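Please read it alongside the sequence and coordinates.

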Amino acid sequence: MSRLTLETLRDVPAAIAKPAYDPATVSTGVVHFGPGAFHRAHQASYFDTVLANDPRWGIAAVSLRSGGTVEALAAQDGLYTLAVLDREPSMRVIGAHRTWIGPGGGAQVSALLARPEVRIVTSTVTEKGYCLAGDGTLDMSHPDIVADLQGGEPRSFVGWLVQGLAARRAAGADPFMVLCCDNLSGNGGKLRAATIALAAARDADLAKWIADTAAFPDTMVDSITPASDDALYARVAAELGVEDRATVQREAFTQWVIGPYTLADGPDLAGAGATLTGDVGGYERAKLRILNGLHSSLAYLGLAMGLETVADAMGQAQLAAFAERLALHDIVPVLDPVAGLDHAEYTQAVLERFRNPAIRHLLSQIAWDGSQKLPYRLLDTTAAAIRAGWPVDRLAVPVAAWMHFVARRTAAGEAITDPLAAPLADAAAGASPAQLVDRLFAFEAVFRPEIAGHTAYRAAVTAGVEALAEGRVEALLAR
């Protein structure tokens, strides 16, 4: 079977949406580092929509450490299929990537970043790709940063930003805007500070120029994007009549929230569906506490009930009802209002997404790294409820389920995927429910003093662990 290319695109069935522009007319206005599945399913779809009316915003895909994605794009003239998984699935061919650069292409990247018509640099390089220390500042001891300070071709993404901005300043050109699209709280501010710090270590005047002129707005991104697999490749090939080895899939819901910035004559991202706001943090907290908080709650309670996926959990009426009550009666009331965001409507949209049978999101994967996730997903809400004098009994249930999960895995001799796996297992070994709560509450990295010392909350968690240990999940949810 032939591959999807500009030549074979004309033979793709009319039912498949195709680029609403001539790819030959597109110029490169965006350089993206890390063109994995999420970028191609998320940000690229927004720019693909923009390109229908403004051909200046084609994307250069940069992957200097791994060549698989750019090789697949090169073989298909930059084209690939976005499969939208919903009760009524759809497919759309994306053509936004007009340049693709893999390992060994550093000189080409340098040339692109220096070009005035490149106005935006975006990134999905994962949290570790920003070389940040635990406090969110640039880790000057990171091997890639140490190498960048010695000169030569950059090794870190921050190094590429500094080199590119230095070239723009030397040429008297305006800086490009930087949009970090990874799930870092305050991502734009942290990346801006890291870029200025690296620049300052080399050239104080450059650092000041970046601080004075370059925009690094905060962003928040959201869309469940399962990994592509052979089943997806086969399905897409059957629908298109051509093979597509760069295809990606995601749920229908997608969200891109972008903070204030100034970019004269920039792309109409709002017209493509992005949300422009002065309160990215408010959207971020809603996502963390509602979406992610419910995800973790469903994971630990669903696993205790022998369920496998989020959709399975939402198919269990009592658990789904508990999740809705938890959000509307415990999480939403202690969230500050956010202009343009109705928390109750957002909750219902989240619950509907969780019911999507086309998305197979494993509870066991969501349960990973609980000690790192729970402080932001559930315990921040608990602390706010304590300060406001709200009841905390229901908020205690998913945390009790996490403790039961740790105890159950430990007793079964099964590994726990968590940075604190060893001490958690030691604490859980042979512990009664009350002992388990006491020992895990002593983990200060997880439970802050105002929570660990709250008598009613501790009692509710202990009661929850006891009920789960006795197999009384339904009774716990009903209570």
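## Helix 18 against helix 20

In this predicted model, helix 18 (residues 433–441) and helix 20 (residues 455–469) pack with their axes 9 Å apart and at an angle of about 130°. The two helices are therefore oblique to each other, and their crossing is right-handed. On the side of helix 18 the contact is made by Pro433, Ala434, Leu436, Val437, Asp438 and Phe441, while helix 20 contributes Tyr457, Arg458, Val461, Thr462, Val465, Glu466 and Ala469.

## Helix 12 and its surroundings

At the start of the helix, a side-chain oxygen of Gln316 comes within 3.0 Å of the backbone nitrogen of Gln318.

The buried residues in helix 12 are Leu319, Ala320, Phe322, Ala323, Leu326, Ala327, Asp330 and Ile331. Their cover includes helix 10 (280–304), helix 11 (310–314), helix 13 (343–354), helix 15 (370–388), helix 16 (393–411) and helix 21 (473–478).

## Helix 16 and two of its partners

With helix 16, helix 12 packs at an angle of about 130°, the axes being 9 Å apart, and the pair is therefore oblique. The crossing between helix 12 and helix 16 is left-handed. Here Phe322, Arg325, Leu326, His329, Asp330 and Ile331 of helix 12 meet Arg394, Leu395, Val397 and Pro398 of helix 16.

Helix 15 also packs with helix 16, their axes coming within 10 Å and crossing at roughly 160°, which makes helix 15 roughly antiparallel to helix 16. The crossing of helix 15 and helix 16 is left-handed. It is formed by Gly370, Ser371, Leu374, Leu378, Leu379, Thr381, Thr382 and Ala385 of helix 15 together with Leu395, Pro398, Val399 and Trp402 of helix 16.

## Helix 7

Helix 7 (residues 187–200) contains 14 residues, and the distance from its first C-alpha to its last is 20 Å, close to the 20 Å expected at 1.5 Å a residue. Asn187, Gly188, Leu191, Ala194, Thr195, Ile196, Leu198 and Ala199 are its buried residues. Among the elements that cover them are helix 5, helix 6 (157–171), strand 7 (177–180), helix 8 (204–213) and strand 8 (219–222).

Ser45 belongs to helix 2 (residues 43–51) and, at 4% relative accessibility, counts as buried because the cut-off for burial is under 20%. The side chain of Ser45 reaches the backbone oxygen of His42 at 2.6 Å. When neighbours within four places in sequence are left aside, Ser45 is in contact with Arg40, Leu82, Arg92, Ile94 and Arg250.

Gly102 is located in the loop between strand 5 (97–101) and helix 4 (106–114), and with a relative accessibility of 15% this glycine likewise counts as buried. Although Gly102 and Leu64 are 38 residues apart along the chain, their C-alpha atoms are separated by 4.8 Å. Beyond residues up to four places away in sequence, Gly102 touches Ser63, Leu64 and Val70.

Most residues other than glycine have a negative phi.

Terms used: Residues numbered from 1 in each chain as written. Predicted model: local features only at pLDDT ≥ 70, side-chain atom pairs only at ≥ 80, totals over all residues. Heavy atoms only, no water. Buried < 20%, exposed > 50% of the residue type's maximum accessible area, 1.4 Å probe, protein only. Helix = DSSP H or I, 4+ residues; strand = E, 2+ residues; numbered from the N terminus. Contact = heavy atoms within 4.5 Å. Polar contact = N/O pair within 3.5 Å; in protein donor to acceptor, adjacent residues only side chain to side chain. Axes fitted to C-alpha atoms, helices over the stretch in contact; angles between N-to-C directions. Parallel < 35°, antiparallel > 145°, perpendicular 65-115°, else oblique. Left-handed = near helix turned anticlockwise from the far one by under 90°. Expected span 1.5 Å × (residues − 1).
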